Amino acid sequence: MRTALIIIDIQMDYFPGGKYPLVNPLEAAQKAYLLLQCFREHDGHHVHIQHISKKPDATFFISGDRGTDIHDSAAHFEGEPIVYKHDPNAFLNTNLFDLLKGWQVERVVICGMMTHMCVDATARAASDLGFQVIVAEDACATRDLIFGDTTIPAEYVHKAFLAALKSYGKVMKSEEILAFLAAEMVK
């Protein structure tokens with residue numbers, strides 16, 4: 001089955017010193033990099049997604065700001081496809097669907113930032129568009145969320161959204177995904 005890797009928003013603003021830091025973004029980015037290197041080494045289709053805000057009151061991912069740059073931990077190489085988005089869903093008002101269909105992709109592996117927002121929105125949309133979905137649970141990061149006077153720790157936010165995403169596809173660790181794809185190639 002033709003599979004593509006979608007690497008979502010591994011951008012500077014999400015890392016320490018950025019304008020909207022997440023919890024453990026480097027650890028997640030390192031796992032995403034393992035997936036990216038495997039796809040690169042096997043000439044697998046992969047695409048970087050880069051969020052640039054169009055909101056006039058945006059506090060991060062501001063056009064022209066270094067915070068929008070893809071972090072070195074999952075660096076984008078010249079010539080690799082990149083999709084620029086302005087909404088959480090990487091398919092909304094972008095060419096991502098056409099790019100994947102042009103590659104005849106049937107399944108996507110999704111990793112990146114933030115589990116509760118862009119990863120979630122993109123995974124659900126991918127499923128709705130007919131793709132089989134695999135989310136790399138350890139290659140995603142999020143942050144604490146606040147609801148009323150309650151702070152929900154990032155670990156619980158992450159796990160709750162991954163639990164819900166199991167209704168849309170598989171949720172697996174990066175190493176499990178690599179083993180799964182390798183076993184499929186042997187068949």
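A residue is classed as buried when its relative accessible area is under 20%, as exposed when that area is over 50%, and as partly exposed in between (1.4 Å probe, protein chains only). The structure is a predicted model, in which local features need pLDDT of at least 70 and side-chain atom pairs count only at pLDDT 80 or more, whereas totals for chains, interfaces and linings use all residues. Residues are numbered from 1 along each chain as its sequence is written, and side-chain values use heavy atoms, with hydrogens and water left out.

The model holds 7 aromatic pairs; rings of Phe, Tyr and Trp (its six-membered ring) pair if their centres lie within 6.5 Å, with planes under 30 degrees apart counted as stacked, over 60 as edge-to-face and the rest as tilted. Tyr20 and Phe60 form a stacked pair, because their ring centres are 4.2 Å apart and their planes meet at 5 degrees. Tyr20 is located in the loop between β1 (3-8) and α1 (25-41) and Phe60 in the loop between β2 (45-51) and β3 (82-85), so this pair ties together parts 40 residues apart in sequence. Helices (H or I, at least four residues) and strands (E, at least two) are DSSP runs, numbered from the N terminus. Phe60 is buried, at a relative accessible area of 18%, while Tyr20 is partly exposed, at 23%.

The rings of Phe97 and Phe131 are edge-to-face, since their centres lie 6.0 Å apart and their planes stand at 75 degrees. Phe97 belongs to helix α2 (residues 96-102) and Phe131 to the loop between α3 (115-128) and β5 (132-141), so parts 34 residues apart in sequence are tied together. Phe97 is partly exposed at 29%, and Phe131 is buried at 4%.

Ring pairs also link Tyr14, Tyr20, Phe60 and Phe61 into a cluster.

Helix packing was examined for α3 and helix α4 (residues 154-165), whose axes are 10 Å apart at an angle of about 10 degrees. Axes are lines fitted to C-alpha atoms, for helices over the stretch in contact, and angles run from 0 to 180 degrees between N-to-C directions. The two helices are therefore roughly parallel (angles under 35 degrees; over 145 is roughly antiparallel, 65 to 115 roughly perpendicular and the rest oblique).
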